[in-house]
Amino acid sequence: MNILSLFVLIPVLTCIGIVFTKNMKQTRLVSAIGMSIQLILAGLLVYLYLAERQAGNMAEMLFTYDALWFPTLNIHYTVGVDGISVAMIALTGIVVFAGIFASWKMEFLSREFFISLILLATGVFGFFISLDLFTMFLFYEIAVIPMYLLIGIWGSGPKEYSAMKLTLMLMGGSALLMVGLLGIYFYSAPDGGQLTWNLLEISKINIPIEMQRFLFPFTFIGFGILGALFPFHTWSPDGHASAPTAVSMLHAGVLMKLGGYGAFRVAIFLMPEAAQEQAWIFLILTSISVVYGAFGAIWQKDLKYINAYSSVSHCGLVLFAVLMMNQTAFNGAIIQMISHGLMTALFFALIGMIYGRTHTRMINEMGGLMKVMPFLGVVYVIAGLASLGLPGLSGFVAEMTIFFGAYQHTDTFHRILTIMATTSIVVTAVYILRVVGILLLGPIKNDHFLHLDDAKWYERLSTITLVVAIAAIGIAPLWLSDMINVSLAPIVNKISMAGFEFTSLF
Amino acid sequence: MRHELSLVAIALILLVTDLMLKPSQKPRIIPVAVVLFSIHTILGFLPACEGILFGGMFRATALIGMMKNVLNVGVLIILLQSYTWIMKEENRDKMSEYFILMFSTLIGMYFMISSGDFLMFYLGLETATIPMAALAAYTHHQTKSAEAGVKLILSSALSSGILLFGLSLIYGSTGSIYFSDVAQLYSNAPMQVLAFLFFFSGMAFKISLVPFHLWTADVYEGSPINVTSYFSVISKGAASFILVLILYKVFFQLVYVWQDLLYIISILTMVVGNLFALRQKNMKRFLAFSSIAQAGFILLGMIAGSQMGMTSVIYFVLVYIFSNLGAFGVVSAIEASTGKINMGDYDGLYHTNPKLSLLMMLAMFSLAGIPPVAGFFGKFFLFTSAASAGYYWLVFIAVLNATISLYYYLMVVKAMFINKTDTPIAKFRSDNMTRAGLILSGLGILVVGFWAQVYEFIFNLSVGLF
């Protein structure tokens with residue numbers, strides 16, 4: 001059994017196990033065991049991966065496994081990982097683990113809830129291990145559809161509207177994606193050989209430039225919608241705000257990363273010429289995402305909306321960095337995905353816990369919570385500081401690398417956009433500190449809040465896991481960026497071979 | 001010929017058995033019919049005998065045998081699912097007619113698919129249509145059902161007329177009605193194009209493509225639910241099979257004409273079907289319009305004009321049979337037990353009937369083309385064939401339409417899982433036959449997609465066509 005296939009198999013087995021449970025306690029126990037195994041497996045994968053690289057195995061993808069599925073269309077089940085996907089898998093493992101414990105008290109239809117949640121995770125894991133575009137697309141859609149039920153059944157606020165909006169917009173995205181992927185497939189053998197869905201094989205050939213011009217926008221926007229690309233980001237604030245805690249965590253933390261990862265792995269890697277030609281359009285859009293998301297967050301009063309808009313801004317930064325197309329920026333993009341995944345999951349977990357106690361998410365109705373729930377308060381401050389890019393935490397490393405990479409472009413166009421994007425750091429500081437000030441400090445506004453208790457053991461477990469990961473990246477970013485850098489080499493090579501000079505446009 | 005002979009034999013056995021049964025024993029006809037038909041279905045999968053009969057009027061190939069098997073599976077599921085309804089008191093004195101009529105239309109479809117000339121094709125088509133009208137009017141004491149029967153027979157007569165006019169032009173311009181002759185003699189002379197257009201319009205009536213779809217919703221709504229499901233999967237599937245066969249074998253010279261034609265018609269069909277389905281509250285009308293939209297997707301496979309296109313059409317019809325029968329099965333089980341047929345009645349169904357709701361959800365996802373269920377694979381392969389001929393924008397429009405259709409399929413899921421009501425449909429238990437039918441379609445939805453051999457098998461059968 002290939003170790004990567006286990007990442008799909010274990011969640012599926014967990015789901016089957018949950019079907020046979022009798023009550024909520026058993027259900028959450030089975031889920032917790034399943035996802036703990038998954039987390040350990042993710043840790044093991046990181047270890048094995050590093051060991052393999054130490055031993056000098058420099059293959060582009062490791063632990064590969066290939067099985068023919070639909071012979072006539074040459075569809076394979078092909079899995080394999082490089083440093084980037086290992087990092088994403090580790091992130092997913094951590095967030096799903098934390099998500100299970102954050103929904104420890106889910107009483108309404110708990111079996112169905114955990115099954116949908118773990119099914120979503122299956123899709124995400126499957127997406128990150130796939131090397132075959134068909135399988136990748138299959139898992140992508142598997143990850144999207146449980147969201148409808150998760151938000152629609154267990155959500156809050158205008159949940160039905162948000163769930164429908166989110167599902168339809170993401171499925172509209174996959175409509176674009178479908179065209180892009182089919183086009184890539186039918187041009188994967190320009191000299192008349194066997195057509196293929198295999199990512200690595202396609203990367204070795206050059207798709208004709210006229211087709212790239214046509215297919216790149218489809219593929220990039222298709223993934224970009226999931227990565228909250230302006231103006232297709234509107235599903236994100238509503239969806240995140242209505243979703244139950246664990247779902248917001250998983251969705252903002254992991255699912256949105258599918259967009260960034262796909263845009264990078266499929267759109268840019270396979271069609272570098274068109275990417276370089278058209279990057280300027282999307283760079284403008286992502287810069288708008290970054291700045292607009294940050295300003296949007298300032299205006300919000302609902303904690304979840306604040307965090308949802310901040311996600312738009314941070315995920316915009318991922319796409320922004322991906323489009324800069326140099327080694328440093330790519331590196332920053334990957335670290336930003338991981339960093340944002342962890343801290344936004346932490347934020348949503350905390351918001352869920354605070355909401356569970358105060359029964360309100362409006363910041364102006366709360367105040368002085370630090371006094372009654374010091375643990376949650378302190379963790380909230382840590383998450384906030386990571387989000388605004390304080391050195392020593394993951395956010396700083398990510399954003400620093402991105403802006404370094406972006407600034408390597410010497411032309412005016414990139415400079416201006418980079419400077420615009422950097423302003424988001426300041427704006428982020430404004431809304432984070434404002435929330436911390438109103439929410440945690442100051443007088444307690446409501447007597448009812450005096451009797452609230454601090455975090456329970458499962459809540460502590462959930463948050464501490466995430467805090468440790470955030471701090472680990474912040475303090476020792478080098479092992480992560482080393483792991484990523486090796487794997488970036490083939491992608492950067494392919495782009496430099498494309499040899500399109502951006503400045504020639506101006 | 002084996003399929004036809006054994007089905008005729010079954011119909012005759014049922015007629016004779018029905019004569020010998022006393023009125024109180026009438027329900028025994030049901031297990032007899034179901035068992036015989038199951039045997040017939042299984043026998044159909046034996047290696048097919050190939051060849052031609054009646055001087056080329058009748059052809060049998062492995063591919064055609066496979067098409068008949070696909071239809072058989074669908075009919076078997078429908079028979080199982082109609083148990084509760086057929087056992088009702090009002091149907092007691094006409095039980096065997098239900099089976100005999102259904103089998104006779106199926107025989108007509110067999111001959112239609114197997115036809116080697118336009119005469120046999122037309123005979124098969126009419127043999128299939130007339131008992132179908134009788135089936136639509138099966139519960140003739142209900143005005144709506146009688147109305148459905150009349151509507152069906154009138155619109156079929158009209159469409160047959162148009163089709164026959166096309167056929168007569170074809171004969172007039174080529175001097176032959178044999179497919180093989182016509183294929184060779186056909187060119188793109190204006191009259192021949194016109195003849196083809198008349199022929200195509202007649203077929204478009206049968207598959208209910210826009211703008212020839214107007215009869216569909218009323219007939220579907222008026223007919224008994226199991227007959228409706230027969231119309232929407234079997235009749236539509238058979239008509240799609242013969243259309244794709246004739247387009248590829250007979251009118252291949254006109255490929256540039258019919259590709260443009262299919263392009264426009266498929267977009268119209270998907271869009272109109274979807275827009276009307278959005279507003280439906282009655283489950284039967286809802287499924288009727290959704291099946292119009294699905295027919296638009298089938299055209300995407302045909303447009304490729306290649307082995308891949310043929311395969312994807314047959315494969316999609318197979319998947320569509322399972323998915324749509326899953327949905328119809330649930331609607332029929334609920335209507336038979338409670339008489340409720342509106343989407344609003346489904347509120348909170350999951351809390352009282354979780355298994356039915358899960359099957360309905362799977363069916364809805366499969367119809368919408370969401371993985372991991374079979375519908376995703378079916379749609380994906382249709383889109384792949386369209387893209388293989390370079391129709392990327394058509395694929396894009398189609399997937400957008402699939403997204404629109406997801407909206408109304410999710411409305412059903414929403415009703416069952418999310419909406420709350422004080423008076424949900426009470427918990428009920430279907431009889432074993434109905435359950436078997438539901439389980440069969442559920443299994444199909446889950447298995448057919450992942451099981452790549454099904455697709456490969458059909459692909460290898462389609463090889464002889466080119």
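Me: What is Leu250(A) in contact with, leaving aside its neighbours within four places in sequence?

Reply: Val95(A), Val96(A), Gly99(A), Leu117(A), Leu120(A), Ala121(A) and Leu255(A). Two residues are in contact if their C-beta atoms, placed from the backbone, lie within 7 Å. This is a predicted model: local features need pLDDT of at least 70, side-chain atom pairs count only at pLDDT 80 or more, and totals for chains, interfaces and linings use all residues. Residues are numbered from 1 along each chain as its sequence is written, while chains are lettered from A and ligands numbered from 1 in the order in which they are written.

Me: What makes a set of residues a nonpolar core?

Reply: Its members are buried Ala, Val, Leu, Ile, Met, Phe, Trp, Tyr and Cys residues, joined through C-beta atoms within 7 Å. Buried means that 20 or more other C-beta atoms lie within 10 Å of the residue's own, again placed from the backbone; 12 or fewer is exposed, and in between is partly exposed. The largest core here has 382 residues. Ala87(A), Leu250(A), Leu350(A), Met364(B), Phe383(B) and Val395(B) touch the most other members. Helix H14 (residues 307-338) of chain B brings the largest share, 20 residues. In soluble globular proteins, nonpolar side chains tend to be buried together.

Me: How do you know whether chain A is as compact as a globular protein of its length?

Reply: Compare its radius of gyration, taken over C-alpha atoms, with the globule rule: 2.2 Å times the number of residues to the power 0.38. For 506 residues the rule gives 23 Å; chain A has 22 Å, so it is as compact as a globular protein of that length. Buried residues make up 60% of chain A.

Me: What makes S1(A) and S2(A) a pair?

Reply: Strands are DSSP runs of E, at least two residues, and helices are runs of H or I, at least four, each numbered from the N terminus. Two strands pair if DSSP finds at least two bridges between them. Strand S1 (residues 62-70) and S2(A) have six, and run antiparallel. One bridge joins Ala67(A) to Tyr77(A). Four residues lie between the strands of this hairpin, where Asn74(A) takes a positive phi near 55°.

Me: Why is strand S2 (residues 75-81) of chain A called mostly covered?

Reply: Seven of its seven residues are buried. Ile75(A), Tyr77(A), Val79(A) and Val81(A) are on one side, with His76(A), Thr78(A) and Gly80(A) on the other.

Me: What does chain B bring to its contact with chain A?

Reply: 25 residues, facing 25 residues from chain A. H17 (374-388), H18 (392-417) and H20 (452-461) of chain B each supply at least two. H18(B) gives the most, 11 residues.
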